[in-house]
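Please keep the sequence and coordinates at hand while reading.

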Amino acid sequence: MRFLIAAAIAAMACEASRAQEMSYGQAEYLNSCAVCHGIDGKGDGPLRDLLVKRPADLTHLSERNGGTFPYSRVFATIDGRYAVSSHGNREMPVWGREFLEDDAKTYGPSGGEVVTTERIHNLAGYVATLQH
């Protein structure tokens, strides 16, 4: 399993290295999300078949929301720390917690929260660029 994950990440890193310049959001997406959601956000990442529920296709969020990108909902979903537990379990990592653990080690509790929030904003902003 670890080999599959490592191989998937390596393949994505090669794809990402072809880009001349990438935003923080894109880099974060490729590092944290593409392994499940796919490089283009279509839910076709290399680990999709290992999950109980197929990852969401992120390219039609605006279309399914009346033509408006649901930024707040995407931000909250990525963050995940404020999800209502009665809505059921989620396979997607709670990135707010995942990011904060490392960010707080580097920047302290307050600084870590600021950096984590910015990382999630960058990710949500990048997902907005994936819309068709």
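The chain exposes about 8,400 Å², of which carbon and sulfur atoms supply 55%; accessible areas come from the Shrake-Rupley method with a 1.4 Å probe, and for residues only the protein chains shown count as cover. The model is predicted, so local features need pLDDT of at least 70 and side-chain atom pairs count only at pLDDT 80 or more, whereas totals for chains, interfaces and linings use all residues. Residues are numbered from 1 along each chain as its sequence is written, and side-chain values use heavy atoms, with hydrogens and water left out.

Of the 132 residues of the chain, 34% count as buried. Buried means under 20% relative accessible area, exposed means over 50%, and partly exposed lies in between (1.4 Å probe, protein chains only).

The chain has five helices and zero strands, and from the N terminus on its elements run α-α-α-α-α. Helices (H or I, at least four residues) and strands (E, at least two) are DSSP runs, numbered from the N terminus. Among contacts between residues at least 6 apart in sequence, 41% join residues at least 24 apart, a contact being heavy atoms within 4.5 Å.

What does Y29 touch, leaving aside residues up to four places away in sequence? Its contacts are A34, H37, G38, I39, D40, G41, L58, L123, Y126 and L130.

Side chains of opposite charge can pair when their charged atoms come close. The structure holds six salt bridges, each defined by a side-chain nitrogen of Lys or Arg within 4 Å of a carboxyl oxygen of Asp or Glu. In one of them, the side chains of R119 and E28 meet at 2.9 Å, N to O. This pair links distant parts of the chain, with R119 in helix α5 and E28 in helix α2, 91 residues apart. Both R119 and E28 are buried.

The side chain of R119 also meets that of D103 in a salt bridge (2.9 Å, N to O). D103 counts as buried because its relative accessible area is 6%. Salt bridges that share partners join E28, D103 and R119 into one network.

Another salt bridge pairs K105 with E101, the closest N and O atoms being 4.0 Å apart. K105 and E101 are four residues apart in helix α5, so about one helical turn separates them. K105 counts as exposed because its relative accessibility is 63%, and E101 is exposed with a relative accessible area of 52%.

The cysteines remain to be considered. How many disulfides does a search of the whole structure find? It finds zero, a disulfide being a pair of cysteine sulfur atoms within 2.5 Å. C33 is in no disulfide, and the nearest cysteine sulfur, that of C36, lies 8.6 Å away. C36 is likewise in no disulfide, with the sulfur of C33 as the nearest cysteine sulfur. C33 counts as buried because its relative accessibility is 11%.
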